[in-house]
Amino acid sequence: MPGPTTLRRRTSLASVFGILILVAATLSGCTSAPQTPPGMFSFYLGEPQRPLVPGNTTESEGSKIISAVWTPLVTFDVKSRAVTYDGAAQSVTSADNVRWTIKLKPGWTFHDGTPVTAESYVKAWNYTALSTNAQGGSYFFSNIAGYDALQAEDGGKPAATRMSGLHAADPTTIEVTLSAPFAIYPVTLGYSAFDPLPEFFYTDPVAFGKKPVGQGPFQSATEWVPGHGMTLTRYDDYAGKDKAKSRGVVMRMYTELSTGYTDVLAGNLDILKNLPPDAYASAKDVFKDRYLGQPSPDITTLGFPMYDPRYSDVRVRRALSMAIDREAIVDAIFLGTRVAADSFAPPTVVGYRENACGQWCEYRPDEAKRLLAEANFDTSQPVEIWFNAGAGHDGWMTAVGNMFRKIGLTYRLRGNLQFNEFLSKRDAKEMTGPFRLAWIMDYPSIENFLATQYATAALPPAGSNTTFYSNPAFDAALAAGNRARDIADANKAYQRAEDILVNDLPGAPIFYGMDQTVWGKRVSNVHYDIRNDVVLEDVIVDGQAV
Amino acid sequence: MTRFVLRRLLLTIPVLIGASLLIYAMVYALPGDPVRALAGDRPLSPAVQAQIRAEFNLDDPFPVQYAKYIWGLLHGDFGQDFSGRPVLEIIGQRLPVTVKLTIVAVFFEALFGIAAGILASLRRNSFFDNLVLISTTLLVSIPVFVLGFLAQFVFGFKLGWFPIAGVADGWVSYLLPGLVLASLSMAYVARLTRTAMLEAFSADYIRTARAKGVGRSRIVMRHAFRNSLIPVVTFIGADIGSLLGGAIVTESVFNLPGLGRAIFDAVRSQQGPVVVGIVTLMVFFYIFFNLVVDVLYAVIDPRIRYD
Amino acid sequence: MTEPAGVEAEELVGQSSVWADAWKYLRTNPLFLIGLTVMVVMVAMALFPSVFALGADPTDCDLSMSRRPPSAEHWFGMDLQGCDYYANVIYGARTSVAIGVLTVIGVLVIGVLVGSLAGYFGGWADTVLARITDVFFGIPLFLGALVLLTVSAQRSVWTVSLALVVFGWMTAMRLVRSSVVSIRGADYVLAAQALGASSGRILVRHILPNALAPVLIYATIAVGTFISAEAALTYLGIGLQAPEISWGLQINVAQSLIGSSPHLLFFPALFLSVTVLGFILLGDALRDALDPKRR
């Protein structure tokens, strides 16, 4: 029989452990990831950054949910990129490219049963445009007359809450008056910021942001739980062209692509879009016909700080651009999962011309050396290359640096900045050398790649023109395109604008992306829409369309 | 002893306040504009930016921001993240995952680490001892993110012994991540135990026990082991705290939505209230577990007195 | 007035000091000698990399040779950028070993100082120091390192080591404190106190040699951990960066290419393992040498 001290010690020990276990047990809650019920499939998703409201979602992950729960106004033919009217709108017409009439298809309902009317759109657009609502998609409405009145000035209140150029003529007609002619306006309406909102949204936006209510082929069955995901089920009363062919989709949140890839291999995850680097080369052989790889509508550019005297000579910019062997980077660093860029817009948009960039995007290191000497570039100072850390850009940036070394320069990588800091420095003209610039398509027009990054109107803080390039001739060419009679004429003008860009080279286009998707044996009929997003409503589970 | 414990608990409050101030200052010191980053490469209209900044007091100077935060705290409002989700809700959802992972990891590290250490000390310089040495070396040399992906691929996918990712399978989901997380600490625990046991073996009281004819296992367990516990318990106590606060990589690899990942994302997006809320909780855990460890010292070694 | 009698007595007893004895033991211990050899080789590699690399230039890169496997002319193959991997791994020793050693020295210095003060004096000193330690424990490494590295505005061996030291000294402190706390009631300490020795003397001559064993074991393993930690920092986006050369950077790149180019992971990991092994053996032998009961 142990003595009293031992007994006391044992009791204290036991009680300590007991308390610890009790604490642990009470703290252990009960959450689990959504399982995949029969007839449904699972889809890889990263963490959405904003509440799930169409006017507030401008990043890629939240967009995937938004595009499943809503159907946009217009759709696009995947091959020709032309606007088709298989969405919520019947037609979008204008006589003068300033006043537009959007006719909606009748009989659409939100997932809560309430009808979709023109007022649903008008009210939603005004809400998004009003600056005090702090919606990220606000700038999409900046071309509507009366938008400026909805922007608060320096801590004051906005002058109005409804844009003067927007109103609902009748329950199925929206009338939009733009502040300037814009020939390709219908093309822009395919973006999710233009989706309608039900009345329920205005009563509780926070709850709505977790469990959105749209009018698309899928409806929210559960809330979005951060770190876990959400479940969407088929909306049986969908009024659109294609009802969902499955019972629903489980959006499962992951933080690591490699983990997702392993899960697809094991059959736990059904569809994975975007592959980890290790799988770039092997995925096609492993998945065979359950693999889809297509060029994606995005571009990565090496921007030049036009405000820095060192890079103000166009010969320097041309030289640096010619020093880069784009094919080698695509092959070695990306194993062929990128496409070397030869123009300021990717091949997947209307208005792209092959080899628009011409000689400046070709690999000509000797010519580069010659031009640098001609321009008296100071080779004693290193070229500083800027990018954000932790996002996988080190590889190709180092390769670019090494290529600069081959033409007699030294380089320093400035890739230590977190994304926030990088964005701030870029906006504040603090780049001391070439920097990473990337753009993903909003709508399939070359204008989207030119105006947003290089127009004077897009100078920060209003826009994303972080090279601070400003050329009246370029702006005039863009405006001519906006004023054109039709889309074809507009594109010709936009191409003339691109020619100006090629001549001035404020940035050196490096590569376009590629979207690779793999899927498991349970699902089939996986294909992309124009944004290279998987068309979720067409996915068939276990060979049986519902 | 009770006075000791009570005094410690009372001191917790000023420490937490100091810690929260320090963390808030650190997040404030991070460069970059968190509001601008909300839109990424896309533009965010200046009016909207101004609106968000006003909502989250981001235009205020640091003392004002902190004061507003404390004011909210006194009303039970721990703040929100940029999406409007209350910090308490975030903690409430993520804490159980982290706790479970920590329990599993500590269990493995204590069990395997101590057992390996004891056995290695008993068979000094034998094959087993050298095996422990080599495994220690390997576990330390392979960074956790390499180990995590390797383990996941081999044991989760190829062999199918464990779930690959996610929390869907209850406690089983935490086995492989717990093992991976514990692997580095196991190395420390094993070697600390081995060393301490070896030291204990050459002590006088062991010789006395042997001379008295006490059985080997009894010597090992009752005498040598007890006295070698102090450094091991210290290390495990310190480890529990660090596991609770920062298993970023393991959580990412195995898709466990815990606090580590939450802190990482919040720091990257410069969301002060989230970081402060979670980290203050972490500091509280540290204080608590270090108190437990200090109490355990007195339990293990009667020579140790506190008052 | 002559020195107090106690000190004189102590001098006589302390003639064959703990440290001299230790050296005598170590000189002939095979494990210590292996560890020492590894250390010497690694340090030499760090100081004279061009000799070990046989003149190969780690920055002479050709993208078309990217990720070639090991061959006769390139023993370790080529890395992602098409640079000779053997040269890179050799040159990587300098940075990585430096980070490991600098960090451990820093951690030991702070840990021993704070831990022994807290453990020996107890009371308010212990309370204040231990609570400060708790706060540091609570600061996530990611946040702390990010702030520190941002404020210092550059990523070098020194700043990365500093970040690891500032946010990693706490476990060493706890280990030292726990040892000191358990030893301070020992007979020989009481005897020294009775003889009138000063606190400093007691700490350095009597307590520390016996208390250091656990923290030394920790430190020898920690060298390897800190070198790996540098890799983890890079993985999180807050570590060293190209064109610096370190095993951590190499392991980072290699990790995303394990399936297609395993040689990229194998070689730096091998060198890292050997270094870790060397330090562990060294530490074990040192601990044995300092063990008073060995004699």
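A crossing of two helices is called left-handed if the near helix is turned anticlockwise from the far one by less than a right angle. In this predicted model, α5(C) passes α6(C) in such a left-handed crossing.

**The helix pair**

Two packed helices are described by the angle between their axes and the distance between the axes. Helix α5 of chain C, residues 85-121, packs with α6(C) at an angle of about 140°, and the axes are 7 Å apart. Angles over 145 degrees would count as roughly antiparallel; α5(C) is therefore oblique to α6(C). On the α5(C) side, the meeting residues are Val114(C), Leu117(C), Ala118(C) and Phe121(C). Their partners in α6(C) are Gly123(C), Ala125(C), Asp126(C), Leu129(C) and Ala130(C).

**The contact between chains C and B**

Chain C contributes 49 residues to this contact, and chain B contributes 56 residues. On the side of chain C that touches chain B, α11(C) supplies the largest share, 12 residues.

The table gives the composition of two contact regions.

| Region | Nonpolar | Polar | Charged |
|---|---|---|---|
| Contact of α5(C) with α6(C) | seven residues | one residue | one residue |

**The nonpolar cores**

The largest nonpolar core has 312 residues, and Leu450(A), Ile263(B), Val275(B), Phe142(C) and Ala172(C) touch the most other members. The element that gives the most to this core is α11(C), with 23 residues. Apart from this core lies another, of 44 residues, including Trp224(A) and Phe287(A).

Which residues does Ala172(C) touch, not counting residues up to four places away in sequence? They are Val107(C), Leu108(C), Gly111(C), Gly115(C), Val215(C), Tyr218(C) and Ala219(C).

Key: Residues numbered from 1 in each chain as written. Chains lettered and ligands numbered in written order. Predicted model: local features only at pLDDT ≥ 70, side-chain atom pairs only at ≥ 80, totals over all residues. Contact = placed C-beta atoms within 7 Å. Helix = DSSP H or I, 4+ residues; strand = E, 2+ residues; numbered from the N terminus. Core = buried A, V, L, I, M, F, W, Y, C linked by C-beta atoms within 7 Å. Buried ≥ 20, exposed ≤ 12 C-beta atoms within 10 Å, placed from the backbone. Axes fitted to C-alpha atoms, helices over the stretch in contact; angles between N-to-C directions. Parallel < 35°, antiparallel > 145°, perpendicular 65-115°, else oblique. Nonpolar A, V, L, I, M, F, W, Y, C, P; charged D, E, K, R; others polar.
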